[in-house]
Each structure stands twice: as structure tokens, then as C-alpha cells.
Amino acid sequence: MPLPTRRQALAAVAALGALPVAGLAQAAYPGKPIELIVPFAAGGGTDVLARALAEAARPHLGQSLIVVNRAGASGGVGWAELVNARPDGYKLAIVTVEITMIPHLGVVRFTADDVHPIARLNADPATIAVRADSPHATLEALLAAARKAPGDLRVGNAGPGSLGHLAAAALEDKAGVQLNHVPFRGANPAVLDLLGGHIEAVAVTPVEVATYVQAGKIRPLAVMAEQRIAAGWEQVPTLKERGIDLVVGGWRGLAAPKGTPPEVLAVLREAMAKTLREPALRDTMAKQNMGEGYLDEAAFKALIARDNATFRALIQRLGIKPA
């Protein structure tokens, strides 16, 4: 066998020397800022949480989380970008309960199984709210108006197949009324139209109206929770207290593209566990009525599987359409 040339020998040494460098580069994740997709319009509850999370996570990641809004299709536009992203940890997204809903409506071609959950960040119930000067001062008054004029009472939501859409549809079913579901590109535009008098109510989560409730501009009529919530909402009844046996809740979490390396996921899991303990973030979440609800990866995956089955069955039973 001929001896290697000097050039071949040097190339072999260089290749061996490059191996530890590659390992070091992988271990150095994250080595640059990370893009964080928010699949809804700026100003909504998901956006508020994402920006507070980005601020609190920086010390634990050593890099910035750059929030980018990609609204549309009840979250589908942003999540499609995540599904198709390079799985290197530099593009993440906030996922919400809607990712277990919209695939069953045919709104998107992917499913919740096409992303990799990292951690649940919070959990909160759906709520029905009206303007503070609305003639419908109670849930009973709102439902009475809906019975008097079926299909006339306009209830805004964050988009077809969103939590608010399904929550209001489930309320229709339980209360025996017919509502006019009005979809928006996110909860914040729906809330702004409510304030402008263009719709009569919204079905959202508390964080999405918390600021306006505190300012006396919006009145929550009921929360779809097992029990009342705090942070200034102690006087807001549950649907069960009003004789309607219905509980509908949402959540927000962090996810990466499928196929992201285990070592990258480990960094993100550890960073999120620490970030969710940051006093400043917890304070922001409390003030905005973003109920706490951290779950690690395993528990979060189990929750997604359960909600996926629950909402698939609800959509089929009620015959809910995307628009």
C-alpha cells in the first residue's frame, strides 16, 4: 500500500482537529439570537406573554429571544412556519390550545404532532366579556338577547377554530342560543372592535381584556373555569354558578420544530424551567391575569394529546365549521 502524501497527511490531521471544534460549536447553543414566533397579532395575550418571557429568559439563555408576529388562520400561519423551519433551535414559537383545534377544522395541513413541545407556560379559562356600558350587564341578559334575536348578537373571537370560537360555540350548545361568531386575526383586534361598538361581546381569555377591565372599559360576564379567578376578577362568576355546566380553558407553551437535536431541547427545557420562576415574569403574569401553569415536556405532551382528543370530539359533535 503506498504511503500517503504530505498533503493527504495534513488533510487527515486537519480533519481530526476539526472534530472537537464541531462538538464545541454544538455545545455552545445558543450562539446567536433566537427568533420566537407569536402566531397572533401584537397586543394580544399571547404577544404580551411572549414579550415578558423574552425579557425574563435572556439571563438563562445568554441570547435574546426576538419576537416576530405571524398572524393568520387562528395561529396556523405562524405554526406552519415553525413546522417548516430548520430544526436547529434558532426558530421557536409560542403554541396555544388552538393547535389542538384548527387541524380538525381543515384550516391547516399539519397537526399538533408536527411540532416538539418544550414546556407549558400558563393556563387560563375562556371568558365572555362586553363593554362596560353594554345593556347586557349579566350573562343572563346577554343570553336573553340572543334568544330574542337568534344569530344577531355578534361575538368576536381570535379566528375560526380559536379557543374563543369553540368556547362560544359550546356555550351556544349548552344554553340553547344562536350567536353570530365574528372572527378576527387575533384577540386584540376583536377586543378593539368591541371597544369601538362594532360587536356586542368577545370570547377570549382574561389576559386579553385585563387592561380594559382594570380601566373600567370592559366587563367580564363569566369565566369558563371550575372556580373563580383572582387578580381583580373575584366577583366574576363561573358558568357553573350560572347554571351552565361548561368548562373551557386554554394554555400557551413553547415549541420547537420536530427533529430539533436533544442537546438543544435540553438547553431550552432548563432555561424555561428557570425563566418561569423569575419574580418579574410571575408578577407580570399575575397582573395580566395569565394564570400560572408551568408543565415540563412530558406533562405538556400528555396535555396536548388529551386536548387534541377532546376538541376533535367537540368539533365533530357540534358540527363546527372553520368559518
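How many bridges join strand β5 to strand β8, and do the two run parallel or antiparallel? In this predicted model, three bridges link β5 (residues 127–131) and β8 (residues 201–204), and the two strands run antiparallel. Within β8, Ala203 is the bridge partner of Ile128. Strands (E, at least two residues) and helices (H or I, at least four) are DSSP runs, numbered from the N terminus, and two strands pair if DSSP finds at least two bridges between them.

Residues are numbered from 1 along each chain as its sequence is written. The model being predicted, local features need pLDDT of at least 70 and side-chain atom pairs count only at pLDDT 80 or more, whereas totals for chains, interfaces and linings use all residues; side-chain values use heavy atoms, without hydrogens and water. The pLDDT, the predictor's confidence in each residue from 0 to 100, averages 90 over the protein chain, and 91% of the residues score at least 70. Over residues 6–26 the pLDDT is below 50, and this stretch has three contacts (heavy atoms within 4.5 Å) beyond near neighbours in sequence.

Strands β5 and β8 belong to an open sheet of five strands with mixed pairing, in the order β7-β6-β8-β5-β9. Because β7 (180–183) and β9 (218–223) stand at the edges with a single partner strand each, one side of each is left without a neighbour in the sheet. Neighbouring strands are turned by 30° against each other on average, direction ignored; axes are lines fitted to C-alpha atoms, for helices over the stretch in contact, and angles run from 0 to 180 degrees between N-to-C directions. Helix α5 (residues 163–175) lies across β5, β6 (154–157), β7 and β8, at about 180° to β7. Helix α6 (residues 187–195) lies across β5, β6, β8 and β9, at about 160° to β8.

A further open sheet, also mixed in pairing, consists of six strands in the order β2-β1-β3-β10-β4-β11. Its edge strands, β2 (65–69) and β11 (292–295), each pair on one side only. Strand β1 (residues 34–38) runs parallel to β3 (residues 91–96), to which three bridges join it, and Leu36 stands opposite Leu92 in β3. Helix α2 lies across β1, β2, β3, β4 and β10, at about 165° to β2.

Grid points are joined across faces, edges and corners, and a volume is the space filled by probe spheres set on the points. Two cavities of 30 Å³ or more were found. The largest has a volume of about 210 Å³ and 23 lining residues, with Thr46, Glu98, Thr205, Glu208 and Arg252 nearest its centre. Helices α2 (45–61), α5 and α6 and strands β8 and β10 each supply at least two residues of this lining. The second largest cavity, of about 30 Å³, is lined by Ile128, Leu142, Val155, Leu171, Leu179 and Ala201.

The largest pocket has a volume of about 360 Å³. Among its 19 lining residues, Val247, Val248, Gly249, Gly250 and Arg306 lie nearest the centre. Helix α10 gives the most to this lining, with six residues.

How values were computed
1 Å grid on protein atoms, 1.4 Å probe; cavity = no way out; pocket = protein on both sides within 12 Å on 5 of 7 lines; lining within 4 Å.
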